[in-house]
Amino acid sequence: MRMERVNTTMIGLLRREIAKANKGVMGDVASGAAYLNAFTPLENLPTLRVLPGLITDDLGDEVLQQEAKVAEVIQGLYEAGVAAGGVVIMDVGINPAHVVHRAALKAAEGIAIVIKPEIPDLAETRRWIARMINSLASVVGKSSAHEFIGSRVKLCYNQVVGDGFKAAHKMLQQALSEDKIELALIPNGIMPIVDPRLAAQAVNSDRREDILIWRYKKEKLEELGPFADSLLGFASHFVPAVREGASRIGLLPSPTKKRGWFGKG
């Protein structure tokens, strides 16, 4: 979805908040409001508010040298979103050496890893998990970092064909074991591949109706049924009530109805 106007960006918020030294109690209250107002609502998706992240030109900004302040702002964004009844999702890439990634990681209640069951993605995931553990280990120790990451990671395989993901998952587990990283990783989500034409429309369109989950709601395309069910199943690991809400707005059949596409509990 393209945006013509945003309230602010991540780097803009960091610059503004870090410039406020010794804010005091009233300053803290004002910052809380600023964190919430930093998110820009989308006209066609009223329940979604976004804060554009860093671009390449931002990475050398001097405010990113103040790690404690950056962590304070990231924590403020999490708290503001939750206090407003929302769920805060931060897409921070796969570089835990970066200050924003570290700050988001420390505050995270869940870590979603969505990959294709292919060797390049498996290799990158292996490295990313190791880097996350090592990044936190320098602060809380190896054992605590291992437990922190292991208890939060939720793994989802995307664009799956058949049961080929099982062999890929076994490869990932073996690779992590070779790195002496023993995590009880299970596939928390398995999303089937979607017709490339539908996927391309969803990615390149500005219309809410072309987003796959909304398209299923409107058109009830049979080929999107398994995808919608899998997506909501993965989301329920982070927001358990999501299935109830989805049923209420017609994304899933009512639990009292006869079991069909979504009969698996």
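Reply: Gladly! Let's start with Ile193, which lies in the loop between β5 and α8 (196-204); helices (H or I, at least four residues) and strands (E, at least two) are DSSP runs, numbered from the N terminus. The model is predicted, so local features need pLDDT of at least 70 and side-chain atom pairs count only at pLDDT 80 or more, while totals for chains, interfaces and linings use all residues. Residues are numbered from 1 along each chain as its sequence is written, and side-chain values use heavy atoms, with hydrogens and water left out.

Me: Why is Ile193 called partly exposed?

Reply: Its relative accessible area is 47%. Buried means under 20%, exposed over 50%, and partly exposed in between (1.4 Å probe, protein chains only), so Ile193 with its 47% is partly exposed.

Me: What makes a residue a contact of Ile193?

Reply: Contact means heavy atoms within 4.5 Å. Leaving aside neighbours within four places in sequence, Gln159, Val160 and Val161 are in contact with Ile193.

Me: How do you know that strand β4 is largely enclosed?

Reply: Strand β4 (residues 153-160) has 8 residues and 6 of them are buried, so the rest of the structure largely encloses it.

Me: What makes β4 and its neighbours pairs of strands?

Reply: Two strands pair if DSSP finds at least two bridges between them. Strand β3 (residues 111-115) and β4 have 5 bridges, in the parallel sense, and 4 bridges join β4 to the parallel strand β5 (residues 187-192). For example, Cys156 has Gly189 in β5 as its bridge partner.

Me: Why is the pair of Tyr157 and Phe165 called tilted?

Reply: Rings of Phe, Tyr and Trp (its six-membered ring) pair if their centres lie within 6.5 Å; planes under 30 degrees apart count as stacked, over 60 as edge-to-face and the rest as tilted. The rings of Tyr157 and Phe165 have centres 6.1 Å apart and planes at 40°, so this pair is tilted. Both Tyr157 and Phe165 are buried.

Me: And what makes Phe234 and Phe238 an edge-to-face pair?

Reply: Their ring centres are 5.4 Å apart and the planes stand at 85°, so the pair is edge-to-face. Phe234 is buried, at 7% relative accessible area, whereas Phe238 counts as partly exposed at 34%.

Me: How do you know that the charged end of Lys220 sits over the ring of Tyr216?

Reply: A charge sits over a ring if NZ of Lys or CZ of Arg is within 6 Å of the ring centre and within 35 degrees of the ring normal. The charged end of Lys220 is 5.2 Å from the centre of the Tyr216 ring. Arg208 lies over the face of Trp214, at 4.7 Å from the ring centre.
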